[in-house]
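Here are my notes on this one, as promised. Have the model open while you go through them.

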Amino acid sequence: MEHKYVVDARGEQCPIPVVKTKKVLDGIQGEAVITVLVDNETAVQNVTRMGKHAGAEVSSKKMGEHEFQVVLSVNGAVSQDVLAEDTACVPDVKGDLVIAVDTAVMGRGNDELGKVLMKGFLFAVTQLPELPRTMLFYNGGVLLTTEGSDSLEDLRSLEAQGVQIKSCGTCLNYYGLSDKLKVGEVTNMYDIAETLASAAKVVKP
């Protein structure tokens with residue numbers, strides 16, 4: 001039987017959200033889902049890091065301007081050695097990397113394979129030790145931030161950890177997706193050009 005727990009760590013600064021979550025993890029023996037409520041991006045990052053190190057499946061979502069939710073799904077007891085290493089705070093782990101996505105597929109050749117590769121790439125970004133500062137989506141890339149995308153959960157998790165997710169407004173209009181944006185914000189070409197020009201490093205999958 002799956003047990004459900006809620007940890008309310010809103011208003012708490014690191015390491016309190018991590019410590020509160022660890023206390024719940026300490027007592028878990030079977031399947032469980034822990035929902036952690038926090039109000040800052042650094043707490044999302046630290047709880048996410050601890051959960052992943054403990055072997056949990058972790059997802060996060062931005063619920064409001066200062067309201068975030070991190071969900072940890074575990075199956076069985078968690079190693080106490082792992083938990084002991086993860087109560088320390090880590091500062092904001094966003095670097096000065098910008099990822100520019102101009103297509104819904106990755107690479108040339110078979111588009112179905114390209115969709116699988118792009119989904120895998122966006123998931124891999126969520127696992128990076130240093131997250132990008134901004135992700136830009138333009139032309140066919142806006143298909144990934146709108147209704148029907150298989151990558152919305154990963155992009156919402158990145159947004160909850162402070163990554164800016166920006167989609168080109170002209171592109172959304174062109175594809176008839178202006179009212180179907182599901183993650184991030186609408187931007188324009190001036191902002192895209194400025195973001196790319198000021199970035200220390202740009203990656204284009």
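1. Cysteines first. C168 is buried at 2% relative accessibility, and C171 is buried too, with a relative accessible area of 12%. Buried here means under 20% relative accessible area, exposed over 50%, and partly exposed in between, using a 1.4 Å probe and protein chains only. The structure holds zero disulfides, a disulfide being a pair of cysteine sulfur atoms within 2.5 Å.

2. Ground rules before going on. This is a predicted model, in which local features need pLDDT of at least 70 and side-chain atom pairs count only at pLDDT 80 or more, while totals for chains, interfaces and linings use all residues. Residues are numbered from 1 along each chain as its sequence is written, and side-chain values use heavy atoms, with hydrogens and water left out.

3. Helix α5 (residues 152-160) is mostly covered, with seven of its nine residues buried. Those are L152, D154, L155, S157, L158, E159 and A160. Helices (H or I, at least four residues) and strands (E, at least two) are DSSP runs, numbered from the N terminus. What do the buried residues of α5 pack against? They pack against α2 (41-53), β3 (57-64), β4 (67-75), α4, β6 (134-137) and β7 (164-168). Just after α5, have a look at G162, which takes a positive phi of about 100°.

4. Strand β6 deserves a stop at F137. F137 is buried, with a relative accessible area of 0%. Leaving aside neighbours within four places in sequence, F137 is in contact (heavy atoms within 4.5 Å) with V101, V142, L144, T145, L155, I165, K166, S167 and C168. The C-alpha atoms of F137 and I99 are separated by 8.6 Å, the two residues being 38 apart along the chain.

5. T134 also lies in strand β6, and T134 counts as buried at 0% relative accessibility. Its side chain makes a polar contact with the side chain of Q164 at 3.0 Å. A polar contact is a pair of N or O atoms within 3.5 Å; within protein, one must be able to donate a hydrogen and the other to accept it, and residues adjacent in sequence count only if both atoms are side-chain atoms. Not counting residues up to four places away in sequence, T134 touches L97, V98, I99, V163, Q164, K166 and T195.

6. On to charges. A salt bridge is a side-chain nitrogen of Lys or Arg within 4 Å of a carboxyl oxygen of Asp or Glu, and by this rule the count comes to eight. One of them joins R10 and D8, with the closest N and O atoms 2.6 Å apart; R10 is partly exposed at 39% and D8 is partly exposed at 37%.

7. Another salt bridge pairs R133 with D96, closest N and O atoms 2.7 Å apart. R133 sits in the loop between α4 and β6 and D96 in the loop between α3 (80-84) and β5 (97-101), so the pair ties together parts that are 37 residues apart in sequence. R133 is partly exposed at 23%, and D96 is partly exposed at 33%.

8. K182 forms a salt bridge with E147, with the closest N and O atoms 3.9 Å apart. This pair links distant parts of the chain: K182 is in the loop between α6 (169-174) and β8 (185-187), and E147 is in the loop between β6 and α5, 35 residues apart.
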